[in-house]
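Dear colleague,

I am handing over a structure for you to look at, and below it I have set out what was found. Please keep it open while you read.

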Amino acid sequence: MGMKYVAAYLMAALAGNESPSAADIKKILESVESEYDADIAGKLVSELEGKTIHEVVAAGKEKLKGFGGGGGGAPAAGGAAAGGAAPAAAAKEEKKAVVEEEEEEDMDFD
């Protein structure tokens with residue numbers, strides 16, 4: 001199911017329509033010259049029939065809690081010797097990049 005149908009449904013709900021219909025979805029999608037499939041809109045409306053948006057969002061949040069959230073964490077801190085060498089290496093790379101850029105500017109491509 002395309003997200004544009006869900007977005008149109010939510011827009012209709014946010015506009016005050018507690019139970020948007022397939023016709024409401026069609027009107028919104030056609031207002032932005034988007035393609036419309038009555039089967040997809042009908043399926044969405046039938047699946048959400050009798051439910052409020054707040055209930056659906058709350059249920060979705062509960063399901064997403066099991067995924068963990070990703071992001072990992074902070075990287076492990078390196079030793080003092082390794083930490084001191086990293087800025088020097090970065091400075092060398094930056095200086096080298098500046099030199100290369102200057103060389104490219106001197107070339108004449110007429």
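A residue is called buried when its relative accessible area is under 20%, exposed when it is over 50%, and partly exposed in between, with a 1.4 Å probe and protein chains only. By that rule E62 is exposed, and K65 is exposed as well. This is a predicted model, in which local features need pLDDT of at least 70 and side-chain atom pairs count only at pLDDT 80 or more, while totals for chains, interfaces and linings use all residues. Residues are numbered from 1 along each chain as its sequence is written, and side-chain values use heavy atoms, with hydrogens and water left out.

E62 and K65 form a salt bridge, their closest N and O atoms lying 3.2 Å apart; the term stands for a side-chain nitrogen of Lys or Arg within 4 Å of a carboxyl oxygen of Asp or Glu. The count by this rule is one salt bridge.

Now to the helices, which are DSSP runs (H or I, at least four residues) numbered from the N terminus. The axes, which are lines fitted to C-alpha atoms over the stretch in contact, with angles from 0 to 180 degrees between N-to-C directions, come within 9 Å for α1 and helix α2 (residues 22-31) and cross at roughly 105°. The two are therefore roughly perpendicular, a label that covers 65 to 115 degrees, whereas under 35 is roughly parallel, over 145 roughly antiparallel and the rest oblique. Contact, meaning heavy atoms within 4.5 Å, joins K4, Y5, A8, Y9, M11 and A12 of α1 to D24, I25, I28 and L29 of α2.

Best wishes
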